[in-house]
Amino acid sequence: MSQHTATHHGHSHGDGHGHQHSHGSHRDGAPLDWNEIAPLLERQAEIESPAYADAAAWLGTLAPVQGVRRVLDVGSGPGVITGVLAEAFPAAGAVAVDGSPELLARARERAEERGLGARVSTLHAELPEGIAELGKADVIWAGNSLHHIGDQRAALVEFAGLLNPGGLMVLVEGGLPSRHLPWHIGFGRPGLEARLDAANADRFAEMRADTPGHKDEPDDWRALLADAGLTPAGTRTFLTDVPAPVSPVVRELALTHFGRVRESFGDRLDADDRAMLDRLLDPADEMSLHHRTDLFYLAARTVHAARKG
């Protein structure tokens with residue numbers, strides 16, 4: 001389970017760190033290869049790091065920064081946000097928790113590269129089975145990872161049991177689907193990204209329904225946190241706004257994003273929209289993502305916090 005994934009699902013959500021999210025499986029039904037998309041998860045999380053740093057700073061107003069000694073980053077992926085949390089809580093050890101050994105290896109490398117190796121560790125765990133093995137913590141951050149667990153309510157009760165008194169449970173769930181293009185892109189029917197959101201929402205619903213132990217639960221995160229015995233401490237949304245013209249890194253991120261959309265759920269779109277995606281991905285087309293001057297990146301991530309005791 002990795003927290004940052006490749007395309008945001010349509011019901012207003014992070015999957016690389018990462019969330020935008022490309023949930024479920026490839027068109028052929030094979031599971032997503034998290035390691036294959038790790039570079040994408042990492043780039044996306046790096047682009048959004050300032051927003052996540054703002055979110056972590058906000059958490060520091062809810063919990064005594066120097067009193068936070070252990071932070072769990074659940075569904076850490078390649079560990080970009082683990083590092084952000086380690087920097088926000090300088091007295092803490094931060095633990096990257098993920099089901100992919102390869103992504104955890106990258107998280108360790110990142111921590112060493114950034115001089116955080118002494119305070120960032122990794123823990124391989126398959127969730128929800130492994131929640132009890134994560135150990136006590138002062139902050140548990142689950143960034144676009146809880147919705148990969150079938151029974152979200154039961155998982156939150158387990159996470160709450162790991163928190164030290166006064167500790168924070170933090171969910172990154174919700175927000176808005178990311179945007180890269182204007183409504184009218186000069187060819188095809190306007191509103192392409194809204195239609196992609198709708199197709200991805202259907203995929204997300206199927207992913208949820210197919211998750212082992214799935215319980216149909218409304219996304220009332222504040223209520224779920226309260227039902228887990230925690231006291232809601234606030235909800236805030238943090239914006240990443242990269243206007244046109246974008247850097248080559250952001251352009252590459254957009255190309256990878258739309259390429260995965262075309263590959264993984266292009267069959268859910270009508271022929272005209274598939275043709276639009278093909279043009280956007282064709283480097284020989286002057287209207288493609290390779291050459292557009294109106295390409296941007298806009299993402300909103302919603303963070304829900306609740307306190308124990």
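In which loop is Asn144 found? Asn144 is found in the loop between β4 and α4 (152–162), where helices (H or I, at least four residues) and strands (E, at least two) are DSSP runs numbered from the N terminus. This is a predicted model, in which local features need pLDDT of at least 70 and side-chain atom pairs count only at pLDDT 80 or more, while totals for chains, interfaces and linings use all residues. Residues are numbered from 1 along each chain as its sequence is written, and side-chain values use heavy atoms, with hydrogens and water left out.

**Backbone geometry**

- Most residues other than glycine have a negative phi, and most peptide bonds are trans.
- Asn144 has a positive phi, near 50 degrees, and is buried at 1% relative accessibility (buried: under 20% relative accessible area; exposed: over 50%; partly exposed: in between; 1.4 Å probe, protein chains only).
- Leu127 and Pro128 are joined by a cis peptide bond with omega about 10 degrees; Pro128 is found in the loop between β3 (120–124) and β4 (137–143).
- A cis peptide bond also joins Ala244 and Pro245, with omega about -5 degrees; Pro245 is found in the loop between β6 (231–242) and α7 (248–265).

**Packing of α1 and α7**

- The axes of α1 (residues 38–62) and α7 come within 10 Å and cross at roughly 130 degrees; axes are lines fitted to C-alpha atoms, for helices over the stretch in contact, and angles run from 0 to 180 degrees between N-to-C directions.
- The two helices, α1 and α7, are therefore oblique to each other (under 35 degrees is roughly parallel, over 145 roughly antiparallel, 65 to 115 roughly perpendicular, and the rest oblique).
- On the α1 side, the contact (heavy atoms within 4.5 Å) is made by Leu40, Arg43, Gln44 and Ile47.
- On the α7 side, the contact residues are Val249, Val250, Glu252, Leu253, Thr256 and Arg260.

**Aromatic pairs**

- The structure holds two aromatic pairs, defined for rings of Phe, Tyr and Trp (its six-membered ring) with centres within 6.5 Å; planes under 30 degrees apart are stacked, over 60 edge-to-face and the rest tilted.
- Tyr52 and Trp141 form an edge-to-face pair, 6.0 Å centre to centre with 65 degrees between the planes.
- Because Tyr52 lies in helix α1 and Trp141 in strand β4, this pair ties together parts that are 89 residues apart in sequence.
- Tyr52 is buried at a relative accessible area of 3%, and Trp141 is buried at 0%.
- Trp58 and Phe238 form a tilted pair, with ring centres 6.1 Å apart and planes at 50 degrees.
- Trp58 lies in helix α1 and Phe238 in strand β6, so this pair ties together parts 180 residues apart in sequence; both Trp58 and Phe238 are buried.
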